[in-house]
Amino acid sequence: MRPHLLKSTLVAGAVLAVLAACGTTGGERAPEAPGTKAAVPLPPEKKPVNGLPGMPPVLDPEDVYAADRPNKLSPVVRDFPSRVYVPNTESDTVTVIDPKTYEVTETIRVGRQPQHVVPSWDLKTLWVNNNRGHTLTPIDPKTGKAGKEVEVHDPYNLYFTPNGRYAVVMASLDRELVFRDPHTMEIRKTVPVSCYGVNHADFSLDGRYFIVSCEFSGELLKVDTEKMEVVGQQRLPFQGAMPQDVKVSPDGKRFYIADMMAHGMWVLDGDKFTEPTLMPTGKGCHGLYVSRDSREMYVTNRGEGTISIFDFTQGKLTKKWQLPDGGSPDMGGVSADGKVLWLSGRYDAEVYAVDTRTGTQLARIPVGSGPHGLAVYPQPGRYSLGHTGVFR
């Protein structure tokens with residue numbers, strides 16, 4: 001190449017290089033190569049729960065009630081008519097209420113002293129716990145018809161292990177936890193306990209243990225689900241304590257135990273099973289029910305006719321609703337859509353329907369004498385752990 005042509009080429013190359021450099025430092029940036037942009041950080045992965053063998057997987061490790069969202073009904077119950085089943089302990093009947101009309105549709109004769117109406121683990125049967133009649137009455141929730149009674153001694157309350165392998169009868173006066181076949185109710189193992197009045201329970205997030213309240217001796221038990229053995233026992237630090245309903249927090253870190261004589265809830269670390277602390281709620285604290293969004297819990301104060309609202313995130317009570325004309329709100333459940341809290345009026349032969357958004361009483365419905373553990377059915381959830389409807 002001739003000298004003058006070489007010089008021209010070098011000059012042109014230098015100019016182009018300068019222009020290219022200017023193009024990357026001015027107002028307009030050169031397009032970035034694919035994959036060079038900063039990645040959006042992913043949310044931390046939730047560690048899967050090592051659950052009880054055979055138990056359905058935990059949907060959300062941070063919310064044990066994730067399957068209980070409004071109207072999220074299992075295909076098993078989707079065609080069942082919506083009803084409220086009320087066991088009347090002193091009338092030996094179950095009153096059936098249509099929640100849309102607030103009218104009684106039927107009265108079913110059952111055994112002596114029915115305490116709770118309990119959905120089975122597979123959601124197909126409602127078991128009426130005839131405590132002093134020593135039987136369970138099965139009700140088909142699809143037809144509303146009662147079946148043949150099954151002999152079960154001292155069935156004050158009834159639960160099911162999270163894997164569906166066993167029914168657990170709370171034999172209150174017998175001082176026993178009786179593990180039975182969940183369908184035939186044949187005994188598989190009887191666990192004597194030294195406390196008095198076993199009545200309510202709830203299971204840990206992983207289902208590997210459950211906490212039981214002992215009403216008449218003011219104690220708590222911790223039970224290994226798989227071994228079917230009591231692994232912990234403690235007396236509540238309150239003279240005359242009378243623990244009732246039990247519920248685990250959505251994140252599984254705490255258990256709440258209603259106490260009708262301490263007039264509040266005990267807050268317990270279930271894993272450590274250390275001494276719990278008392279949170280006053282109102283006179284005769286009795287029943288505990290979680291809202292459909294897992295944010296709040298409705299606490300019934302039977303001795304003063306009120307309902308306290310507990311906020312899980314804040315860890316404190318935020319509201320209190322007073323039933324007009326008083327009452328004795330006891331056990332119950334939340335409607336499938338989450339809009340109505342249904343409660344039995346234990347000493348007033350009535351049932352209350354309460355708006356969960358405002359606390360307004362929607363209805364007061366006369367029923368039999370001594371209404372107790374009523375069940376709202378069907379409810380959202382994949383399976384039932386028992387009582388008046390504890391679903392996962």
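First, a word on what we are looking at. This is a predicted model. Residue numbers start from 1 along the chain.

Now the answer. The torsion about the S-S bond of C195 and C214 is about -50°, so this disulfide is left-handed. The two sulfur atoms sit 2.1 Å apart. A search of the whole structure turns up 1 disulfide. Where are its two ends? C195 is in the loop between β12 (187-192) and β13 (198-203), and C214 is in strand β14 (residues 209-214), so the bond ties together parts that are 19 residues apart in sequence. Both cysteines, C195 and C214, are buried. One more cysteine for your notes. C285 has 0% relative accessibility, so C285 counts as buried.

Next, the rings. How many aromatic pairs does the structure hold? The count is 12. A pair of aromatic rings is described by two things, the distance of the centres and the angle of the planes. I will show you two pairs.

Start with F80 and Y377. Their ring centres are 6.4 Å apart and their planes meet at 40°, so this pair is tilted. Look at where the partners come from. F80 is in the loop between α1 (3-25) and β1 (83-88). Y377 is in strand β29 (residues 375-377). Are F80 and Y377 buried or exposed? Both are buried. F391 joins in as well: ring pairs link F80, Y377 and F391 into a cluster.

The second pair is Y166 and F179. Here the geometry is edge-to-face, with 6.0 Å centre to centre and 90° between the planes. Y166 sits in the loop between β9 (157-160) and β10 (167-171). F179 belongs to strand β11 (residues 176-180). Y166 and F179 are both buried.

Rings also meet charges. R175 lies over the face of Y196, at 4.2 Å from the ring centre. At another site, the charged end of K222 sits over the ring of Y209. The distance to the centre of the Y209 ring is 4.3 Å.

Last topic, empty space. Rolling a probe the size of a water molecule over the atoms shows where such space is left. The structure holds 2 cavities of 30 Å³ or more.

Take the largest cavity. About 180 Å³ of space lies inside. The lining has 17 residues, and the closest to the centre are D68, V290, R292, Q379 and G389. Which elements give two or more residues to this lining? They are β21 (285-290) and β25 (329-334). β25 gives the most, with 3 residues. By class, the lining has 7 nonpolar, 7 polar and 3 charged residues.

Now the second largest cavity. About 110 Å³ of space lies there. Its lining has 18 residues. Closest to the centre are V58, V64, R382, Y383 and R392. What is the class make-up of this lining? It has 12 nonpolar, 2 polar and 4 charged residues.

Find the disulfide that joins C195 to C214. Find the cluster of F80, Y377 and F391. Then find the largest cavity, with D68 and V290 among the residues closest to its centre.

Note on methods:
Predicted model: local features only at pLDDT ≥ 70, side-chain atom pairs only at ≥ 80, totals over all residues. Heavy atoms only, no water. Phe/Tyr/Trp six-rings, centres within 6.5 Å; stacked < 30°, edge-to-face > 60°. Helix = DSSP H or I, 4+ residues; strand = E, 2+ residues; numbered from the N terminus. Buried < 20%, exposed > 50% of the residue type's maximum accessible area, 1.4 Å probe, protein only. Lys NZ or Arg CZ within 6 Å of the ring centre and 35° of its normal. 1 Å grid on protein atoms, 1.4 Å probe; cavity = no way out; pocket = protein on both sides within 12 Å on 5 of 7 lines; lining within 4 Å. Points joined across faces, edges and corners; volume = space filled by probe spheres on them. Nonpolar A, V, L, I, M, F, W, Y, C, P; charged D, E, K, R; others polar. Disulfide = S-S within 2.5 Å.
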